[in-house]
Amino acid sequence: MKVLILNRFKLARVDYRQWAQPSDELYLITSSDAVSADETARKNELAGFAHTEIVDDYADSAMPEYLAHQLHGVHSFGKLLAMSEFDLLRAGRLRDSWGVPGQSEAEALLFRDKIRMKEILAASDVRITGYRAVDDATDLVLAVRELGFPLVVKPRLGAASVGVTVLENQTELDTFLTRNPLSVGDAPAHLMAETFVSHELFHIDGIIDAGEVKICWPSEQSTSCLEITQGAVSLSTFLDADDPRRRTLQDITVRALRALGIEETALFHAEIFGSPDGFVFNEVGCRVGGAKIRDLLENGFDLDPIEWFARAYLGNRQHREVSSQPVRQTGYALVPPRPGLVESLGEVQLPPSITLFEPKVSPGDVLERPASSTSVIASFVAVGARQADVIRDLNSAVDALSSALVLRDVPAGADR
């Protein structure tokens with residue numbers, strides 16, 4: 001079968017050629033950021049595909065979708081594989097247009113459009129925050145009247161806390177509207193407003209197979225996504241199996257998935273707030289979570305969710321039982337940048353439980369404040385016997401990085 005793949009993942013970590021059936025003929029449209037700069041590595045990553053298109057500015061470009069139509073006109077694809085959050089809607093449109101199996105645009109939109117999602121959840125037994133669609137200044141004024149301050153304003157189809165603003169009072173509302181016209185002419189702003197909830201944050205990740213939730217495991221996050229954009233280090237760790245919060249978080253997540261319509265085969269990433277008066281469901285995506293969540297599932301369950309889904313969709317499964325409980329405790333830390341010039345990065349002395357350390361800065365780099373919750377200068381993944389052990393070792397790793405990293409003030413006129 002001829003299969004088209006839309007890809008934003010690093011090709012060094014996704015071997016579609018091994019995951020597909022031997023008889024499949026694979027065509028690839030990929031982000032240029034996913035391809036190695038090294039020429040030898042690049043050739044190896046692109047070898048074996050029947051045809052490859054590499055697209056710059058992939059996430060914001062219309063070209064992946066346009067090129068897909070052009071290729072389909074020649075090759076008539078039988079399947080279309082796409083797993084990135086930012087490919088789900090375009091992949092749904094393409095499948096609908098071509099009549100190939102997989103998630104449709106309407107199905108994908110329930111997990112991308114936060115207003116549609118909350119409308120469905122509000123009619124179910126899943127507790128959510130107060131919300132309102134915001135397409136213009138009048139909508140925002142009415143949202144303040146209905147929901148009060150503090151108020152969260154964010155894109156309906158956004159991700160990684162990009163464009164999220166918390167309005168605490170009338171002065172901040174005035175400033176927000178002075179800087180943000182909300183809509184241009186008659187074009188809607190496509191924002192939403194929500195009641196701000198003082199909270200702990202949990203994310204719940206898992207897989208659905210044959211319509212059954214096989215993995216659904218909660219992690220506790222030390223900071224909100226918004227706090228990460230403000231410079232806070234974020235730790236995310238699996239809850240222990242005997243944690244009394246685990247079953248409640250799992251039950252809420254499954255109820256939300258059922259309300260939205262459980263896919264036959266899917267990955268999911270949900271967020272739930274732990275508020276002073278109970279749990280409040282925030283949102284769920286029909287894809288693998290960002291940051292280091294793929295690594296958490298690999299470390300915790302001995303299962304790569306991206307490989308699992310690709311094999312399942314392409315009909316080349318590895319036939320082994322999926323465990324509903326992790327085989328080991330795990331977690332990750334994300335270290336956001338703080339403004340300055342990187343003078344040096346010495347040796348980072350890490351605990352032996354650290355299974356992954358990814359520094360993303362070098363001497364001479366000029367750092368800015370984080371632009372999103374995934375803007376990081378380093379990340380760590382750790383394993384351990386208990387959640388407390390993993391948290392301790394991740395904090396030790398973050399402290400070791402801080403000791404090894406030397407920043408200086410940015411000289412005037414430095415190239416940013």
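**Reading a predicted fold: cysteines, a sheet and aromatic rings**

Me: Is cysteine 216 buried or exposed?

Reply: Cysteine 216 is buried, at a relative accessible area of 7%. Keep in mind that this is a predicted model, and every value here is computed from it.

Me: How many disulfides does the structure hold?

Reply: It holds zero disulfides. A disulfide needs two cysteine sulfur atoms within 2.5 Å. The closest cysteine sulfur to that of cysteine 216 belongs to cysteine 286, and because the separation is 13 Å, it is too far for a bond.

Me: Now the strands. How do strands of a sheet pair in general?

Reply: They pair through backbone hydrogen bonds, and the arrangement is either parallel or antiparallel. Here, four strands make up an open sheet with antiparallel pairing, and their order is E5-E8-E6-E7. At the edges are strand E5 (131-134) and E7, each of which pairs on one side only. On average, and with direction ignored, neighbouring strands of this sheet are turned by 25° against each other.

Me: Which strands does E6 pair with, and over how many bridges?

Reply: E6 pairs with E7 and with E8. Three bridges connect E6 with strand E7 (residues 165-167), in the antiparallel sense. With strand E8 (residues 191-195), which also runs antiparallel to E6, there are five bridges.

Me: Which residues stand opposite valine 152 and valine 153?

Reply: Take them one by one. Valine 152 has valine 166 as its bridge partner in E7, and on the E8 side valine 152 stands opposite glutamate 194. Valine 153 faces threonine 165, which is in E7.

Me: How many residues of E6 are buried?

Reply: Four of the five residues in E6 (residues 151-155) are buried, so the strand is mostly covered.

Me: Which helices touch the strands of this sheet?

Reply: Helix H6 (residues 114-122) lies across E5, E6 and E8, and it runs at about 150° to E5. Helix H8 (residues 170-179) packs on the sheet as well, touching E6 and E7, with its direction at about 140° to that of E7.

Me: Turning to the rings, how many aromatic pairs are found?

Reply: Eight aromatic pairs turn up in a search of the whole structure. One of them joins phenylalanine 202 and phenylalanine 279, with 5.8 Å centre to centre and 80° between the planes, which makes the pair edge-to-face. This pair links distant parts of the chain: phenylalanine 202 lies in strand E9 (residues 200-209) and phenylalanine 279 in strand E13 (residues 278-285), 77 residues apart.

Me: Which residues form an aromatic cluster?

Reply: Tyr27, Phe77 and Trp98 form one such cluster. Histidine 72 is placed in helix H3 (residues 63-75) and is buried, with a relative accessible area of 16%.

Me: Where do charged side chains sit over rings?

Reply: Two cases can be named. The charged end of lysine 79 sits over the ring of tyrosine 313, at 5.4 Å from the ring centre. The charged end of arginine 90 sits over the ring of tyrosine 58, at 5.2 Å from that centre.

Terms used
Residues numbered from 1 in each chain as written. Predicted model: local features only at pLDDT ≥ 70, side-chain atom pairs only at ≥ 80, totals over all residues. Heavy atoms only, no water. Buried < 20%, exposed > 50% of the residue type's maximum accessible area, 1.4 Å probe, protein only. Helix = DSSP H or I, 4+ residues; strand = E, 2+ residues; numbered from the N terminus. Pairing = 2+ DSSP bridges. Phe/Tyr/Trp six-rings, centres within 6.5 Å; stacked < 30°, edge-to-face > 60°. Lys NZ or Arg CZ within 6 Å of the ring centre and 35° of its normal. Axes fitted to C-alpha atoms, helices over the stretch in contact; angles between N-to-C directions. Contact = heavy atoms within 4.5 Å.
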